[in-house]
Amino acid sequence: MKVRGAVRPPGDKSISHRALLLAGLAHGRSELDGLLTGADVKSTARVLRQLGVDISPVRAGGPVLVRGRVLARPAATLECGNSGTTARLVLGALAGRPFAARLSGDASLRRRPMRRVTEPLRAMGAHIEEEGGDSLPLTIRGGKLRDFTYTSPVASAQIKSALLLAGLVGGVAVTIREPYLSRDHTERLLVHLGLALSYHDGAIGFRPSAVSLPAFRLSVPGDASSAAFLVAAAVLAEEGELLVENVGVNPTRTGFLVVLGRMGARVERLNLRDEGGEPVADLLVRPAALVGTEVTAAEVPTLVDEVPILAALASRAAGETVFREVGELRVKESNRLELVAANLRALGVAAEARADDLFVRGTDRPPRGRVDTARDHRLAMAFAVLGTVPGAEVRLSERASVAVSYPTFFADLRRIGEGGTLKDSLTVGGKG
Ligand code: S3P
């Protein structure tokens, strides 16, 4: 396909969750612009409303208004939908509140591990009852917390953020170490709101002040992870140029641009600016011939949600691409490690997950076959982009899952392309 024009990805999912949560805990009325209107963020808004926070409807076109408060006992189970970030961050925010709250989620979320968050929260003083092992549903009864120092075995922003929120609500100090730096949106937003964090010897230290969190206004930047699909479509295009506007370029999120650079696609960052403590830029992307690369374990946290789309790009690159230590992908919205490999094979690409590494061998044969998205938004979008290459015939098992993080994805993908490749090649629900 030929790409052209300019496109804006939706608001950053991670920042949207954090903005709603911190506004929900703040004193007074906050105003949030550019919030993602995807299903995951609506799950956070719904759960916060159940905890007594007043939030105007989360919809496109205007700011979302939040009147914060001290979180109150919910009358019913907190349904977190498909959103791991909602479940884990809300657990953190409830750890210091003296009432019981039961959390659950959809079938995918009920398969995801929760002890990575509940174990440190228990050590801080929260009581947590499981119903069936290391997963939702579970009931948290918060209480008086103690100062806490934790070395996380996983580089996970959800673990780190849950503990920071527990410290904030419980009024206790937390010190956190992680094996590699994960996305730092919570830290940046806390600092933007005037709270002090310290960095010492590889650890983050947070000692909340006695003063309550002030209400705030925030403009949420576009989501780098959603932008990655648009960037990839432009890199794979035969000709043209695409401007992806208003993208958050926080270095803890843009590992995919670094890897793309090594693969031969240079993406220009224009108009670099700051929004609420986060770097933002417009990305100018042109088609490129790609070569395989090795993605290191240290890079993985900076591109953890981009492995499916990078693997799709690797399938069009000369030679082999290896993703090291991507075992965390097994516990995302689906088992992304196995499904990326299996779906690439279904399209005629040599791909394999071996232990925690993923190997993809590039080809110039058009991808043809049926993709099982497992209702995972990022798998649907990654394989839809692969379906734009000339001669492709990619049949997705469904496409509705994109509503989780990028409701207008298919409309945007169609809009940036010329030549109708997508329309002709990408069908849904076909048997293959
Ligand atoms: C997120 C952190 C990452 C990421 C997820 C969003 C966040 O998960 O995969 O999509 O907003 O904190 P982990 O913390 O489990 O790595």
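Tutor: We begin with the salt bridge, defined as a side-chain nitrogen of Lys or Arg within 4 Å of a carboxyl oxygen of Asp or Glu. The model is a predicted one, in which local features need pLDDT of at least 70 and side-chain atom pairs count only at pLDDT 80 or more, while totals for chains, interfaces and linings use all residues. Residues are numbered from 1 along each chain as its sequence is written, and side-chain values use heavy atoms, with hydrogens and water left out.

Student: Why is the contact of Asp305 with Arg378 called a salt bridge?

Tutor: The N to O distance between these side chains is 3.9 Å, and the limit is 4 Å, so the pair qualifies. Asp305 lies in the loop between strand 19 (294–295) and helix 9 (307–314), and Arg378 lies in helix 11 (residues 377–386), so that the bridge links distant parts of the chain, 73 residues apart. Helices (H or I, at least four residues) and strands (E, at least two) are DSSP runs, numbered from the N terminus. Salt bridges with shared partners join both residues to Arg112, Arg183, Glu333, Arg336 and Asp376 in one network.

Student: What makes the approach of the Arg112 side chain to the backbone oxygen of Val331 a polar contact?

Tutor: A polar contact is a pair of N or O atoms within 3.5 Å; within protein, one must be able to donate a hydrogen and the other to accept it, and residues adjacent in sequence count only if both atoms are side-chain atoms. A polar atom of the Arg112 side chain lies 3.1 Å from the backbone oxygen of Val331, so the distance is inside the limit of 3.5 Å.

Student: Why does the pair Arg102 and Glu131 count as a salt bridge, and what does the pair tie together?

Tutor: Their N to O distance is 2.7 Å, which is within 4 Å, so the term applies. Arg102 is in strand 7 (residues 100–104) and Glu131 is in the loop between strand 8 (127–130) and strand 9 (138–141), so the pair ties together parts that are 29 residues apart in sequence. Arg102, at 30% relative accessible area, is partly exposed, and Glu131, at 49%, is partly exposed. A search of the whole structure finds 28 salt bridges.

Student: Asp282 forms a salt bridge with Arg273; is Asp282 buried or exposed?

Tutor: Asp282 has 11% relative accessibility and counts as buried, whereas Arg273, with 25%, is partly exposed. The closest N and O atoms of the two are 3.3 Å apart.

Student: What makes the backbone of Asn246 and of Glu325 worth a remark?

Tutor: Most residues other than glycine have a negative phi, and most peptide bonds are trans. Asn246 has a positive phi near 60 degrees, and Glu325 has one of about 55 degrees. Asn246 is in strand 16 (residues 242–248) and is buried at 16%, whereas Glu325 is partly exposed at 48%. The peptide bond from Leu136 to Pro137 is cis, with omega near -5 degrees.

Key:
Buried means under 20% relative accessible area, exposed over 50%, partly exposed in between (1.4 Å probe, protein chains only).
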